[in-house]
Structures are given as structure tokens and as C-alpha cells.
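Open the model in your viewer and keep the sequence panel beside it. This tour goes from one selection to the next.

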Amino acid sequence: MIVITAPTGNIGGHLLSRLLRSAPAEEGLRVVVRDPARLPDEVRERVEVITGSHGDPEVVDRAFEGADAVFWLVPPDSSLPPEAAYSGFTRPAARALAAHGVGHVVGVSALGRGTPVADRAGLVTASLAMDDLIASTGVAHRALACPSFFENLLEEADSIRENGVFTDLVDADRKAPMVAVADIAAAAAALLLDRTWTGAGSVPVLGPRDLSPADLARIMTEQLGRPVRYERQSYDDLYAALVGHGLDAAFVQGIVDMKRAKDDGLDAGVPRTDESSSPTTFEQWCVQVLKPAVLT
């Protein structure tokens, strides 16, 4: 029995679809979802559904009973400080993992462990602490150590369409790994279906190559057939804009600290190998995902 949290999200949706295609017939699939209506009818017919939040002690107690493996993803809650949004949300699950003797957990986390900026990286620091909390239960644990997602650019689709501009806080020439969420889901599926691994550790998922904002602008210009340029936003402007939208001030500071740490090399602490490089290129992603979002 594999339990999938956040099955209607970007990563969880890809993962659930992949497991429905590739999991052996004897492998049960159970999902934890706030609103089962968000699952397609054909999916609901093939999985066991636990309704509720996976931050709720009663929900995870029901969800983890008889489970062999869990896919763990915390949807960041911008109404809470980072520690509460990550470790606070995860504590009921940690107790339930131990109580039900769950064997394996695959979680979505971030790059940066062991780097000089890991302890001042905002949301990433909170995510790494969450990984430690899960590992402390004694479960076999793999944290998928991810860089920024290609999908983050979908938040800028309107700006790209209307103004030909996308923004971030890092230097235009700062190269760093980036990854498609489908590749993260593929890595998660492989670990959840294997389960011969033991102990606690991380699995980097780095995308096929490092890219800078300048690279992204050039590739988007080529693939979209229209000019796209990068504008670097200031930390103060981002903080003011997000707080102005009603986000918790401590959570916003966590975003700013994460962005600052990325510009200081947070994502550069893992050497790229064939094993850590995932296949989806930014060019492919632009054609398959970004272009329909921007041009339709």
C-alpha cells in the first residue's frame, strides 16, 4: 500500500498518474485529499480515498494504517511562519509513521544541505528541518532534493504574455539547476515502487543542465516566438508586495531569505552526475507547458 499526499497538486498529480500506469496490480494506492471531487472519476474508482488534510492527526492515523510507503509533500501555508508551515504541519504524520510502522517515506524537499547558507535559507531551512523530523522516526527516508521548478514560471504567464517580462531576485547570469515537476514525480515513483533502500538520505533531482535567468529569457524568446526579457526584482520590493497580498510576514521573510541564499549558491552544493540529472529540458517544457499557457 502506497499513500500519496497532495495528489491533486503539480507533483502529486504527475506521481499518481504514473503509479496508476506502472504500479503492479497487487500494489494498493491510497490518497489523502481535502476535496475528492478534484480527482477525476476514473482515478477515484482505482484508489482508496482518505478525505481531509494530511496535517490532521486523525486523517494521517487513518491514512497510514497498513501502509508500506508514503509520498510526503507539504503544501506551504503562507499564513504561517516557516517552521509551523513545514515541521509543525508534519509532526502528526511523524507520530503516525512511527505508530503504524510505515517502512518507507519519499518526501519533496530542497537542495542546500551542507552548504554554508543552509541555516539561513528561509523556507529551505524549514524544509530541511522537516526532513530531519521524518528521519528521526526511524523510517527509511529519501528526501528528493530539488532546485527551483520550471513550473514556477507559470506564475509569470500573464506578465510574459502582456509585457514580455519575467522577474526573480537572482543575478541574471547566475546559473543553477532547474527541474520539471514531472521529473520529480518520476524519481518519487521509482523509489516508492522499489523499496529495497534503507536508512535516511537525499536524492538530488537537478534537471538536465544549469540555467541562468538570461538563459531562460533566450530560450523562451526562441520557443515562444516573441521577445522575453528578465528583470531583477529587489528583495524589498518582493517583501512589500507579498506582505501587501496578506501573506504572513515571517513566511514572506522565509521566501526572501531563500531567494537570497539561492543567489549565494544554495543550489550549487551537489555535483551534477548522470544519476542526478533528469531528462526534461527547458526547451521541451516551454513547448509542452509554457507555450499553451502564454499563447492561449
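**Stop 1**

Select Cys 146. Cys 146 is buried, at 3% relative accessible area; buried means under 20%, exposed over 50%, and partly exposed in between, with a 1.4 Å probe and protein chains only. This is a predicted model, in which local features need pLDDT of at least 70 and side-chain atom pairs count only at pLDDT 80 or more, while totals for chains, interfaces and linings use all residues. Residues are numbered from 1 along each chain as its sequence is written, and side-chain values use heavy atoms, with hydrogens and water left out.

Cys 286 is in no disulfide either. Cys 286 is buried, with a relative accessible area of 1%. How many disulfides does a search of the whole structure find? The count is 0, where a disulfide is a pair of cysteine sulfur atoms within 2.5 Å.

**Stop 2**

Switch to cartoon and select residues 69–72, strand E4. Helices (H or I, at least four residues) and strands (E, at least two) are DSSP runs, numbered from the N terminus. Show the side chains. Ala 69 and Phe 71 are on one side of E4, Val 70 and Trp 72 on the other, and all are buried. Both faces of the strand are therefore covered.

Next, select strand E1, residues 2–5. E1 runs parallel to E4, joined by 3 bridges; two strands pair if DSSP finds at least two bridges between them. Look for Ile 2, which stands opposite Ala 69.

Then select strand E5, residues 104–110. E4 and E5 are also parallel, with 4 bridges. Here Ala 69 stands opposite His 104.

**Stop 1: a three-stranded sheet**

Select E7, E9 and E11. In that order, the 3 strands form an open sheet with mixed pairing. Its edges are E7 (148–149) and E11 (210–211), each of which pairs on one side only. E9 (residues 176–179) is antiparallel to E11, with 2 bridges between them. Ala 176 stands opposite Leu 211.

**Stop 2: Asp 171**

Select Asp 171, in the loop between strand E8 (165–168) and E9. Is Asp 171 buried or partly exposed? Asp 171 counts as partly exposed, at 33% relative accessibility.

Show what surrounds it. Beyond its neighbours within four places in sequence, Asp 171 is in contact (heavy atoms within 4.5 Å) with Pro 213, Arg 232 and Asp 263. Arg 232 is 61 residues away in sequence, but the C-alpha atoms of Asp 171 and Arg 232 are 7.1 Å apart. Finally, pick the backbone nitrogen of Asp 173: a polar atom of the Asp 171 side chain lies 2.9 Å from it.

**Stop 3: zoom out**

Clear the selection and view the whole chain. There are 11 helices and 12 strands. The C-alpha atoms fill a box of roughly 55 × 40 × 40 Å along the principal axes. Of the 296 residues, 49% count as buried.

Technical notes: A polar contact is a pair of N or O atoms within 3.5 Å; within protein, one must be able to donate a hydrogen and the other to accept it, and residues adjacent in sequence count only if both atoms are side-chain atoms.
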